[in-house]
Amino acid sequence: MAMRHARFSRKHLGLLAAFAAVVIIISTAIYIGVGGRDNSLGTTATKPRGGAAQASAGTWVGTWATSPAAAEPNTPDGYAGMSIRNVIHTSVGGNGARIQLSNLFGKRPLTISHATLAVAAAPNNPTAAQGTMRRLTFAGNSYVTIPTGQSIVSDPTRLEIPQAADLLVTTYSPSPSGPVTYHPHARQISYLARGDRAEDPAGTTYTEQTPSWRYLTGVDVLTNEARGAVVTLGDSITDGITSTAGGNRRWPDYLAERLRTEPGAPRYGVLNQGISGNRVLTDGTKFPPDNPSALSRVERDVLGGTGVKAVVVELGVNDILRNPARADAKEITDGLRKLVQQAHSRGLRVVGGTLMPFGGHRGFTPRLNDVREQVNAEIRAGRVFDEVVDFDLALRDPAAPMRLMPRFDSGDHLHPSDEGFRQMARALNLEHLKGSAPASL
């Protein structure tokens, strides 16, 4: 009996060892899903479509983001029965991706029954490149319902994401959802189609164009190219409201180009969290507040980003110019210091920009310019941010320092031209983005 038991054990031990080896091989070939925007992998397995190559190990980094700015006017039923194909532009690439959708300004739950991701066949084009269309899942399901005021992150999908390329993120909602969470002034044309066309690779049914992004607030990539991301927090100047539409010529786009190409530059993705009209201190007037103040959104739009290592702040001019004006330099700089404190709580260094001149703009007065210069003096003295980027010095006209240099002026004497945006990116010392320990202020 003992000999039979020994033979049985040796035989089955061999079978068990072979089975274990097969399990290990299969397990390593499965791409693991996640339920949140961190840098770890979770336990929900997803099976990507399209036979993409296995994703190698890497780090989750934000490649693109935008801030939910408001509830879109005149959308009481959302876009029920329509496909929304958002066109966005990556900063860094990777071999896997996941998206974030937001229902921040909705008044009822938002159901997305079909969502896809693809690489665009050409810039500013709603047609997907061949073989890149992927159906997205959420906790393993092809549909998701996002509660009012909340956001959701998709499971990862395997897809080669190029750097500096257009992606197509398409959502279809079958039922009325209430006001749409959107970002106007995208400076990028996106598209809409009737019916569920989320997985159509051709763009022929996408006959309606739109200058806004809807629901989509972030795209992360699993990457070996980048080791983190930088957030640019700002107003219409960071939003790029006067940049060439579809040209990716906002100053954060030029910053992304520098980070990709310059020797010694930190390899970071760039997350543009600019909102046109944004202020440090004051929210919009609706509830929930449209155009939420920088202080009220820093937790979500900055600290909630994936892989964030540093922050660049360009804010304050709207606090001076917009009604109700907060024409008090101390109030503005105290607000900026609170932003820095919140970033320091996560170990992030903060680079802050001086306020650029607006002489010639319809809102200009000598008194308001004095407030701007008081804010700038405090920033330059090193009493607000860890590091300073002197946008004012970089773009002002030496012959008329209360104005932008003509070639940097879009024509409204407040917002830069494409060349002005490029100059803003040039002015930033990339060494200031390195390191995580905050300076003492």
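Leaving aside neighbours within four places in sequence, which residues is R258 in contact with? The first view answers this, and two more follow.

The model is predicted, so local features need pLDDT of at least 70 and side-chain atom pairs count only at pLDDT 80 or more, while totals for chains, interfaces and linings use all residues. Residues are numbered from 1 along each chain as its sequence is written, and side-chain values use heavy atoms, with hydrogens and water left out.

**View 1. R258 and its contacts.** R258 sits in helix 3 (residues 251–261); helices are DSSP runs of H or I with at least four residues, strands are runs of E with at least two, and both are numbered from the N terminus. Beyond neighbours within four places in sequence, R258 is in contact with A265, R267, A425, R426, L428 and L430 (contact means heavy atoms within 4.5 Å). A polar atom of the R258 side chain lies 2.7 Å from the backbone oxygen of A425.

**View 2. P126 in its loop.** Look for P126 in the loop between strand 8 (114–119) and strand 9 (134–135). With a relative accessible area of 10%, P126 is buried (under 20%; exposed is over 50%, partly exposed in between, with a 1.4 Å probe and protein chains only). Setting aside neighbours within four places in sequence, its contacts include R85, L168 and Y206.

View 3. H183 stands opposite W213 in strand 17.

Methods: Pairing = 2+ DSSP bridges. Polar contact = N/O pair within 3.5 Å; in protein donor to acceptor, adjacent residues only side chain to side chain.
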